[in-house]
Structures are given as C-alpha cells and as structure tokens.
Amino acid sequence: MIFDIIDLEPPIYRPPSEAKSFLFPITIGCSHNKCSFCAMYRSKTFRVRSNAEVDSDIDKASAYFKKVGLFPEKVFFIDGDALCAPTDTLLNACKRLNNTLPGLKQISLYATVKNVLEKSPEELKKMAENRLSLAYIGLESGCDTVLKKVAKGNTGDEVTLACLKLKEAGWKTSLIAMLGLGGREHSATHCEETSRIVCASRPDFFSFLSTTAVPGTPYFNQIKKGVFTPLSYKELLIEMRNILGGLKGLKDATTIFRANHVSNHFPLSGTLPQDVDKLLEVVNHWISSCPDDVFPDNNPYFL
Ligand code: SF4
C-alpha cells in the first residue's frame with residue numbers, strides 16, 4: 001500500500017473528486033488554522049516539508065507505482081493550504097512528479113485566498129506550466145459578516161480577486177460554499193452574497209457542503225452561545241435554492257456543480273448556469289416534501 005511507503009501524517013482529507021488521486025504532502029496542517037468551524041488540522045503543528053523529504057517520498061512512491069505497473073493520472077497535495085509553501089518547494093515537487101510519473105495530467109491542492117494573493121502572477125503561471133493547475137478554495141460564504149465571525153481571514157471580494165488571478169495564470173478553480181454557515185441570523189445575506197461572489201468569480205467547479213458543528217471547535221461554542229442558530233433540513237434546502245437561483249447571473253462561465261460531499265443529505269449535480277432551472281425544480285420538490293424543524297445529525301467524525 002502506498003500509505004505504508006510514504007510519510008503521511010493522519011488525519012488526511014481530500015475533495016470527493018480526488019478519490020483516485022495520489023495524495024501527497026508538501027505541507028503538514030494548515031498555516032491559518034483559525035476558521036471557527038474547522039477541526040481538520042487542529043491536531044497538527046503546521047510546517048512545510050523539506051525538499052529532501054519530498055524528493056525521497058516521490059522517489060519511493062514512483063518506484064512503488066512502477067512495481068505495480070499503475071501510475072496515477074492525478075496528484076493532490078494534501079492538508080489545509082499547500083499553496084502557502086514557497087514557490088521553489090512547489091515547483092521542485094511538481095517537476096519531480098512530472099519526471100517520475102508518466103501520464104500525469106494534473107496536480108491540485110487546497111488554497112486559501114491569502115496564499116493566492118501572496119503569489120505573483122508569474123509564479124502561478126510557472127506552476128500551471130508544471131501541471132499544478134487546480135485550486136480548491138473554501139469560499140464558505142460570500143457574506144463578510146459571516147466570514148469575519150468564523151475567522152476566515154478574507155473577504156468575499158478577495159475570493160473573486162484570487163479566482164480571477166488564478167484563471168489569468170492558467171489555473172482552474174473550485175469553490176466550496178457551506179450551507180447553513182451563518183445560521184438563521186445571516187441566512188438571507190449569506191445566500192445573496194454567496195451567489196454574488198460565485199457569479200463574479202466564475203469558478204470552473206462549485207460545490208456545497210452542509211455545516212456541521214464539530215464538538216471542541218469555536219463554532220460549536222458559537223452555536224451554544226446563540227451567535228448562530230443551526231438550520232433544519234428544510235432551511236438548508238431553502239438556502240440551496242436561494243444560492244442556486246442567484247447563479248443565473250453567472251456570465252461567460254461553464255461551471256460544473258456538485259453537492260456530493262458526505263455532509264449533504266440531498267445530492268445534486270449539473271452544469272451552471274444552463275441547468276439552474278432544472279436544479280431548482282428538483283430542490284423545490286424536496287422543499288415541498290420536507291417536514292419542518294427536523295435537524296441534521298451528522299457524525300462529525302465521518303466528515
Ligand atoms: S483555511 Fe481551510 S483548513 Fe485552514 S482552518 Fe480554515 S477551513 Fe480549515
């Protein structure tokens with residue numbers, strides 16, 4: 001197993017669409033590690049791995065793939081925000097992967113808005129030329145009040161700046177929004193502003209996940225203190241409808257939409273903006289048959 005060969009520090013997370021990718025660590029943990037709802041990397045101390053560690057693991061992995069006669073077409077740089085690593089570190093890893101994995105088509109990672117804005121257009125272009133060309137960005141919400149309360153570290157408009165900067169450099173972008181993040185208190189502006197930012201950012205991929213308050217996180221305490229009131233299934237569906245409805249305004253974009261994260265109880269997919277009406281028909285049907293005041297009970301340990 002590849003997991004026995006390279007140095008992976010659990011827990012490991014990846015987007016659903018990276019299920020068949022070779023998961024590779026350039027960084028450990030998250031350089032931000034402050035979002036109030038996020039429990040993913042709280043147990044890890046952030047660090048960037050050295051070129052020597054990275055090179056040694058890539059060589060071990062490529063020898064393993066050669067032995068089994070199967071090379072991955074995609075690599076995903078795991079943990080919270082691998083794009084914060086120095087450009088030289090990222091390019092060194094990309095070049096070595098391209099040289100040792102025949103048939104490699106794409107390298108991707110999670111990135112924060114700050115990571116993107118800190119890189120120059122030339123650095124991003126160089127990465128894209130070396131197949132590091134897809135960034136998954138947690139938009140979470142387009143509403144600045146919500147973003148501030150959850151300590152996201154950026155505004156909605158900065159998400160747009162980051163997406164357009166990446167696009168200009170030859171990258172694809174995938175935005176993830178969190179249904180229910182602002183609670184009942186901010187639901188209306190959360191939906192309006194999330195649609196607005198997605199329309200302005202023109203991502204190649206857009207997806208939802210449903211907010212789960214994980215015990216031990218600041219967000220769990222924010223719920224207990226009444227900063228945010230959790231949404232019922234029906235209210236989550238109404239947010240889904242309202243955000244999707246606002247995406248009719250997506251211009252000059254073909255955005256693949258998925259709501260297939262494990263936290264979603266209502267999986268849905270399509271292409272935006274052309275499928276918006278079809279998707280709304282499905283969501284409206286779900287809303288009409290959904291009882292009031294039934295709340296999700298996601299197991300936070302299986303997210
Ligand atoms: S930036 Fe991402 S990984 Fe880091 S704390 Fe926020 S949500 Fe979690």
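Keep in mind that the model is predicted.

Let's start inside. The largest nonpolar core has 78 residues. Which of them touch the most other members? They are Ile 26, Phe 77, Leu 109, Ala 135, Ile 137, Leu 166 and Met 240. Strand S6, residues 132-140, gives the most to this core. Its share is six residues.

Take Phe 77 as an example. Leaving aside residues up to four places away in sequence, Phe 77 touches Phe 24, Ile 26, Ala 82, Ile 107 and Leu 109.

Now the ligand. Which residues surround the ligand? Start with the cysteines: Cys 30, Cys 35 and Cys 38 are among them. His 32, Asn 33, Lys 34, Met 40 and Tyr 41 also belong to this shell. Then come Gly 80, Asp 81, Thr 112 and Gly 138. By type, the shell divides into five nonpolar, five polar and two charged residues.

Next, helix H2. It covers residues 51-68, which is 18 residues. At 1.5 Å a residue, the helix should span 26 Å. Its end C-alpha atoms are 26 Å apart, so expectation and model agree. Which residues of H2 are buried? Val 54, Asp 57, Ile 58 and Ala 61. Look down the helix axis, and these buried residues fall within an arc of 100°, so they line one face of H2. On the other side, Ala 52, Ala 63 and Lys 67 are exposed. Just after H2 comes Gly 69, with a positive phi of about 70°.

That brings us to backbone geometry. Most residues other than glycine have a negative phi, and most peptide bonds are trans. Here are some exceptions.

Two cis bonds first. One joins Pro 10 and Pro 11, with omega about 0°. Pro 11 sits in the loop between helix H1 (2-5) and strand S1 (22-24). The other cis bond runs from Leu 272 to Pro 273, with omega near 5°. Look for Pro 273 in the loop between strand S10 (269-272) and helix H11 (276-289).

Now for positive phi. Asp 79 is not a glycine, yet its phi is positive, about 75°. Find Asp 79 in the loop between strand S4 (74-77) and helix H3 (87-100). Is Asp 79 buried or exposed? It has 27 other C-beta atoms within 10 Å, so Asp 79 is buried.

Ala 151 is another non-glycine with a positive phi, here about 60°. Its loop lies between helix H6 (144-149) and helix H7 (156-168). The count for Ala 151 is 15 other C-beta atoms within 10 Å, so this residue is partly exposed.

Last stop: Phe 220. Where is Phe 220 found? In helix H9, residues 218-224. With 17 C-beta neighbours inside 10 Å, Phe 220 counts as partly exposed. What does Phe 220 touch, not counting residues up to four places away in sequence? Ala 213, Val 214 and Pro 215. One distance to finish. Phe 220 and Glu 129 are 91 residues apart along the chain. Their C-alpha atoms are separated by 42 Å.

Methods
Residues are numbered from 1 along each chain as its sequence is written. This is a predicted model: local features need pLDDT of at least 70, side-chain atom pairs count only at pLDDT 80 or more; totals for chains, interfaces and linings use all residues. A nonpolar core is a set of buried Ala, Val, Leu, Ile, Met, Phe, Trp, Tyr and Cys residues joined through C-beta atoms within 7 Å. A residue is buried if 20 or more other C-beta atoms lie within 10 Å of its own, exposed if 12 or fewer, and partly exposed in between; C-beta atoms are placed from the backbone. Helices (H or I, at least four residues) and strands (E, at least two) are DSSP runs, numbered from the N terminus. Two residues are in contact if their C-beta atoms, placed from the backbone, lie within 7 Å. A residue is near a molecule or strand if its C-beta atom, placed from the backbone, lies within 6 Å of it. Ala, Val, Leu, Ile, Met, Phe, Trp, Tyr, Cys and Pro count as nonpolar, Asp, Glu, Lys and Arg as charged, and the others, Gly among them, as polar. The expected span of a helix is 1.5 Å times one less than its number of residues. The arc is that of the directions from the helix axis to the C-beta atoms.
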